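Have a look at the structure first, then read on.

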Amino acid sequence: MLHLGLGSFHRAHQAVYLQRLIDAGDTRWHLAGTNIRPDMADVVQALAAQGGAYTLETVTPQGARSYQRITAIREVIPYAPGLAAMVARGADPATRIVSFTVTEAGYYLDSAHRLDPSMPELAADVGRAQRGEAGETIYGAVAAILRARRAADAGPVTLLNCDNLRHNGERFRAGLLAFLVAAGETELAAWTQQHTTCPNAMVDRITPRPPPQLRARVLAATGVDDAAAITAESFIQWVIEDDFIAGRPAWETVGVELVRSVQPYEEAKIRILNATHSCIAWAGTLAGLSYIHEGTHNPAIRQMAYDYVTEDVIPCLNRPGEPSPVDLPAYRDVVLDRFGNPAILDTNQRVAADGFAKIPGFIAPTVRERLAAGQSIDAVAMLPALFLAFLQRWHRGELPYAYQDQGMDPAVGHAICAAADPQAALCAEPTLWGDLAGDARLLAALRNASRCVAAFLAAPVR
């Protein structure tokens, strides 16, 4: 397997499942890893120096720590312009799966989930593909691998998403084919349709940025001075549609759920875990808190998250005659317990990022379905109200950290906040709401929720 994106999440999740197989005696598969941009150069260099090995620290909600040496990554490919080594590994017939971890904004999709070729980075990659070069987006990188793979007659390959995009396999596949057509590579697009599969998948494990004290903690616990150590919660989950065109590891023997359809699991995770995570991060930042666990233990913030899930999400996912295979109330409670883990030290800064991708992906579907059923959206409206208050602090330069949002044009964000009626401007933004933009019911609910947010912020320090 070749994985694109050697960040902490991949190393705390996909690599761990493969390690379980290796530890059980199944050594038929291993990972090669690389980045498609010159990110995390120090970490990649440390991994390469350690032969791809690193230490994973896991922490239970009760604070019990354990340490595991992960050796599933056997090849670390350093970034280099042109990505020649990555392409060569991807074009090798021995490579049967190309997997990747991409942020929501990194798919360059519009509000209708179609590829948006007007985005500058994507347009630049279309130009590179026209010249037969590898690109810096996931489409440009994968296209280069497939181009070389077709030329080498290397056989079929599975393209496997390992991230939070809803319907990630099918949306990536549609975006990739649209990218190839835009680049004039119609023959490669036809080859891709025949020689690849793109299973939908759902991944879950809270994996914060490694804190400064982690290296010393690992050294004290294991005797290993590990420059590439990572930390994560003890909970882990992976659900994949079993649609692999060139074989796969026996993941079902080590806890991976291989299913016919990942959708109900995906919806539960995205709407309950991911959206609630953002809710707590935005509210916690506004309340002057630094970490997710602090907000989760704040009674007012926890109640916002609990009400959002209970009043608006669960009725959407557990309809009469269409029960969810997930025990949604139990999942809600497990999620809040996980977020309250004080040992994880997950920052509001990390989780609050990319609001312009998270509102349409995580939050708008619940708004849309509740409105279509003629139901209240008072609980879910708290989330965009929190985001607007958060965005206004960003606009005024009052956030305690640098806000990163790949899906937001900063001029658009500033214009919303500077408008005579910021609430109406936020509700009218099609990037966030698609066909709901300007809906009077959405605006009314946001106005009411914004009053609740103002009352929350005016309350004594909690």
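**Helix packing, sheet and pockets**

1. Helices α6 and α8 sit roughly perpendicular to each other (a label for angles of 65 to 115 degrees). Their axes come within 10 Å and cross at roughly 85°, with axes fitted to C-alpha atoms over the stretch in contact and angles running from 0 to 180 degrees between N-to-C directions. Helices here are DSSP runs (H or I, at least four residues), as are strands (E, at least two), numbered from the N terminus.

2. On the α6 side the contact (heavy atoms within 4.5 Å) uses A143, L146, R147, R149 and R150, and on the α8 side E187, L188, W191 and T192. That makes 4 nonpolar, 1 polar and 4 charged residues.

3. A caveat: this is a predicted model, where local features need pLDDT of at least 70, side-chain atom pairs count only at pLDDT 80 or more, and totals for chains, interfaces and linings use all residues. Numbering starts from 1 along each chain as its sequence is written, and side-chain values use heavy atoms, without hydrogens and water.

4. The open sheet has 6 parallel strands, ordered β5-β2-β1-β6-β7-β8; pairing takes at least two DSSP bridges. β5 (73-77) and β8 (196-197) are the edges. Between β2 and β5 there are 4 bridges, and L31 has I73 as its partner in β5.

5. α10 gives the lining of the largest pocket its largest share, 5 residues. In the second largest pocket α15 gives the most, with 9 residues.

How values were computed
Angles under 35 degrees count as roughly parallel, over 145 as roughly antiparallel, 65 to 115 as roughly perpendicular and the rest as oblique. Ala, Val, Leu, Ile, Met, Phe, Trp, Tyr, Cys and Pro count as nonpolar, Asp, Glu, Lys and Arg as charged, and the others, Gly among them, as polar.
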